[in-house]
Amino acid sequence: MKFFIDTANLAQIKEAYELGILDGVTTNPTLMAKEGIKGTEAIAAHYKAICEMVDGPVSAEVLGTTYADMVEEGKKLAQIHENIVVKIPMTKDGIKAIKWFTDNGIRTNCTLVFSAGQAILAAKAGATYVSPFIGRIDDSNWDGVQLIEQIVSIYNAQGFMTEVLAASIRTPMHIVRCAEAGADVCTCPLSSILGLLKHPLTDLGLQQFIADAKSLQS
Ligand code: E4P
């Protein structure tokens, strides 16, 4: 399973990249707004900076909602850097736009996916990635990971090439369960990635080893 970081924060991207396990980045308008980025030029410059930090796909979301706007905007985003993947919402216009990008050799990430039916449409349109939002599903009292399992099983049965990108990750356990479910990619906040490091027995064991190592030296 590939690891993407789900943030537009350059310091967090650098920290995850330096761990040596980072395969890519996803952003969305909320994450960009959190960094205080405003205006077309600043947005493009920020995506360029991310692409120069990480050698892997960087999802950049369109802001428009009509087919024409998404295609126009996506074309410009794709020109910023070869690693840009155009992120498109799961709507009727979005599916048409994904098909346009597929036909024109531009990679896409279909976002805001909450059902298997939506995931089938995204795959039919040729999306490179489909992003089911598992944390938001859990928040609404359903099981997000179950949707990942269902989409993985449908894509395998049908031979779809679209990669399942588990999004809206909230906890390290989400990452583990997505890996178990066969997700191709997990896009995570830095806190969830770092959370995978933690186990109290590791801390206790290390404390003991450090103490014993000191006694060996004296
Ligand atoms: C990433 O592609 C999604 O936009 C993101 O994971 C959504 O996460 P959230 O539900 O925590 O906002």
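**Entry 1: serine 59**

I started with the side chain of serine 59, which makes a polar contact with the side chain of asparagine 109 at 3.1 Å. A reminder to myself: this is a predicted model. Next I looked up where serine 59 sits, and found it in strand β3, residues 58–61. Is serine 59 buried or exposed? Its relative accessible area is 1%, under the 20% cut-off, so I noted serine 59 as buried. Then I listed its contacts, leaving aside neighbours within four places in sequence. Serine 59 touches Val25, Thr26, Thr27, Tyr47, Val85, Lys87 and Asn109.

**Entry 2: the ligand**

I then checked some distances to oxygen atoms of the ligand. For lysine 87, a side-chain N or O atom is 2.6 Å from a ligand oxygen. For arginine 136, I read 2.7 Å between a side-chain N or O atom and an oxygen of the ligand. Arginine 170 also has a polar side-chain atom 2.7 Å from a ligand oxygen. Taken alone, the ligand exposes 350 Å², and the protein buries 84% of that.

**Entry 3: a surface patch**

Last, I turned to the surface. Which residues form a nonpolar patch there? I found Met173, Val176 and Leu196, with about 250 Å² of accessible area together. I followed up leucine 196, which lies in the loop between α10 (190–195) and α11 (200–217). Leucine 196 has a relative accessible area of 37%, so I put it down as partly exposed.

Technical notes: Residues numbered from 1 in each chain as written. Predicted model: local features only at pLDDT ≥ 70, side-chain atom pairs only at ≥ 80, totals over all residues. Heavy atoms only, no water. Patch = residues over 30% accessible without salt bridge, like charges linked within 9 Å, V, L, I, M, F, W, Y side chains within 5 Å. Areas by Shrake-Rupley, 256 points an atom, 1.4 Å probe, with all protein chains shown as cover. Salt bridge = Lys/Arg side-chain N within 4 Å of Asp/Glu carboxyl O. Helix = DSSP H or I, 4+ residues; strand = E, 2+ residues; numbered from the N terminus. Buried < 20%, exposed > 50% of the residue type's maximum accessible area, 1.4 Å probe, protein only. Polar contact = N/O pair within 3.5 Å; in protein donor to acceptor, adjacent residues only side chain to side chain. Contact = heavy atoms within 4.5 Å.
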